[in-house]
Amino acid sequence: MVKMDPVQLRLLREVADLHDVPEGAYNFRANGTSVGRSTTANIDIQSKTDVSGIDIRIKPGTKHESVHIPVVLSESGLKETVYNDFYIGEDSDVLIVAGCGIDNCGSQDSEHDGVHRFFVGKNAHIRYVEKHYGSGDGNGKRILNPVTEVYMEEGSSAEMEMVQIKGVDSTQRTTVAELAAGARLVVRERLMTHGSQNAESVYKVTLNGDGSSADVVSRSVARDTSYQKFDACILGNAACSGHTECDSIIMDAGRILAVPSLEANNIDAALVHEAAIGKIAGEQLVKLMTLGLTEAEAEEQIINGFLK
Amino acid sequence: MLELKNIAFSADNDGANKEIIRDISLTLGRHKFIVITGPNGGGKSTLAKIIAGIVRPDAGQILLDGEDITERSITERARLGIGFAFQQPVRFKGLTVLDLLRIAAGKQLSVSDACSYLSKVGLCAKDYIHREVNASLSGGELKRIEIATVLARKPRVAVFDEPEAGIDLWSFQNLITIFEHMQQADSDRTILVISHQERILNIADEIIVLADGHVTKQGTRDEILPQILHTEAAVSTCRMAE
């Protein structure tokens with residue numbers, strides 16, 4: 001039985017779109033402790049004994065199952081580092097939904113640093129969705145520093161959707177991936193910062209095997225006086241293909257630093273990077289205003305579409 | 001009915017003040033299909049933008065069905081029933097064709113209703129409805145989507161700025177049919193098209209020739225068209241295709 005208060009349930013809806021206990025395997029963490037867990041015949045979840053966190057083991061050949069591991073923090077001043085390891089068996093195909101919501105109405109900083117490691121077996125496929133959200137009107141900051149490590153065996157694939165749209169004061173996001181032959185990684189990051197928030201996202205993707213590929217795309221919006229840094233590096237050590245793209249809108253006095261980089265260590269590595277930063281084009285606003293929207297509504301539509 | 005009274009507009013041109021529109025007064029009646037033509041640089045597009053509220057005139061008055069809308073914003077004019085199709089449609093990363101049509105219709109248009117607007121502009125709806133209005137679309141496709149957004153608004157006054165630019169010959173006949181259907185669908189509607197195209201001039205109720213910021217000719221199609229054929233104001237489809 002999962003017991004949560006209304007604030008925690010609201011956070012859960014924001015980060016995992018969950019209105020009720022999900023089907024399949026799950027582990028709910030609230031204010032530093034596990035408040036509900038379920039396993040299935042194919043997916044096991046065990047608490048770690050040395051550090052805070054869980055091991056998620058998915059049996060080879062597991063198909064069409066999901067794991068939800070949302071985290072909510074509603075206590076001001078709580079700081080935690082959690083280590084979650086995912087062992088994804090060969091030929092499996094699963095959905096993993098993570099995410100963290102912090103509500104901080106107090107004066108002390110609240111911080112959740114989640115370290116997720118994925119060991120993706122041969123020919124396995126995962127879809128990983130991670131949403132971060134903050135709320136609360138206290139002076140205490142809401143801080144999230146996720147670390148994601150992905151180790152992909154031959155022929156495996158991973159689609160990762162990372163979203164942080166609102167309310168997180170400070171983020172230092174680090175994503176590291178290593179791909180064997182024929183593995184494919186697709187990352188879609190969406191980020192919006194406002195107020196005086198600070199967000200940094202660093203990727204280091206290493207393509208070690210022939211036929212491996214990576215596509216890392218970030219779309220972001222920096223409003224008010226917020227600051228973002230996107231630093232994506234793809235290394236090609238084999239006959240591989242890699243693409244990274246950072247597409248950003250700046251508003252008000254927002255600032256963005258994009259540092260895409262490529263390193264080719266093999267003659268057959270084909271790597272591409274793109275980066276674009278700019279404000280909303282005036283003609284886009286005018287077009288939507290001729291369709292009856294106010295300037296503010298037009299701006300909202302453009303941003304919602306961009307971050308969709 | 002749209003009335004323009006003594007509209008004037010000038011713009012800064014390399015430090016010099018250039019008059020773009022000089023004291024133009026026009027009455028655009030209900031259920032009329034009016035084409036404004038004339039040489040490039042004559043002020044046609046500027047006049048269209050003044051009607052939509054995108055450009056503010058230096059002097060003059062604009063009345064929509066008797067109501068003074070001179071000080072009204074782009075949004076207010078759109079809500080009062082002025083629709084505007086851009087000569088060069090805008091691209092949006094992330095917004096889909098369906099999003100744009102829903103914004104245009106001002107309601108949660110069903111997918112099938114949205115598709116019907118696309119079919120009217122000659123696009124295979126299922127191929128386009130969920131596509132982003134971004135750089136992956138060709139100029140001709142964007143142009144047709146632009147026209148579809150104006151159809152979805154069902155405006156009292158529909159202004160099209162060179163709708164034929166960028167579309168191919170096949171969709172040209174389609175465009176003529178769209179205008180005819182728009183006019184039939186609402187007997188109060190005024191359609192104003194900026195065009196040099198002879199085939200569009202051919203279906204006009206009225207033709208206005210604008211040159212150097214002035215109205216130089218105005219009258220019914222039968223009066224004006226013979227005077228301007230084979231000039232820059234009326235080019236044939238074949239010449240366009242060249």
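In chain B of this predicted model, strand β7(B) and strand β8 (residues 190–194) pair in the parallel sense over 5 bridges, where strands are DSSP runs of E of at least two residues and helices are runs of H or I of at least four, both numbered from the N terminus, and where two strands pair if DSSP finds at least two bridges between them. Within this pairing, Val159(B) stands opposite Leu192(B) of β8(B). On the parallel pairing with strand β6 (residues 82–85) of chain B, which has 4 bridges, Phe160(B) of β7(B) is the bridge partner of Ala85(B).

Residues are numbered from 1 along each chain as its sequence is written, and chains are lettered from A and ligands numbered from 1 in the order in which they are written. Because the model is predicted, local features need pLDDT of at least 70 and side-chain atom pairs count only at pLDDT 80 or more, whereas totals for chains, interfaces and linings use all residues.

| Pair | Sense | Bridges |
|---|---|---|
| β6(B) and β7(B) | parallel | 4 bridges |
| β7(B) and β8(B) | parallel | 5 bridges |
| β1(B) and β2(B) | antiparallel | 9 bridges |

Strand β7 (residues 157–161) of chain B has 5 of its 5 residues buried, so it is largely enclosed by the rest of the structure; a residue is buried if 20 or more other C-beta atoms, placed from the backbone, lie within 10 Å of its own, exposed if 12 or fewer do, and partly exposed in between. In a regular strand the side chains alternate between the two faces of the sheet. Val157(B), Val159(B) and Asp161(B) are buried on one side of β7(B), and Ala158(B) and Phe160(B) on the other.

Elsewhere in chain B, an open sheet of 4 strands has the order β2-β1-β4-β5, with antiparallel pairing. Strands β2 (16–28) and β5 (67–68) stand at its edges with a single partner strand each, so one side of each is left without a neighbour in the sheet.

Helix α3 (residues 97–105) of chain B has 8 of its 9 residues buried, among them Leu98(B), Arg102(B) and Ile103(B). The elements covering these buried residues include α2 and α3 of chain A, together with α4 (111–120), α5 (125–128) and α6 (139–153) of chain B. Gly106(B), which follows α3(B), has a positive phi, near 70°.

The contact between the chains takes 17 residues from chain A and 19 residues from chain B, two residues being in contact if their C-beta atoms, placed from the backbone, lie within 7 Å. On the chain A side, α2(A) gives the most, with 7 residues.
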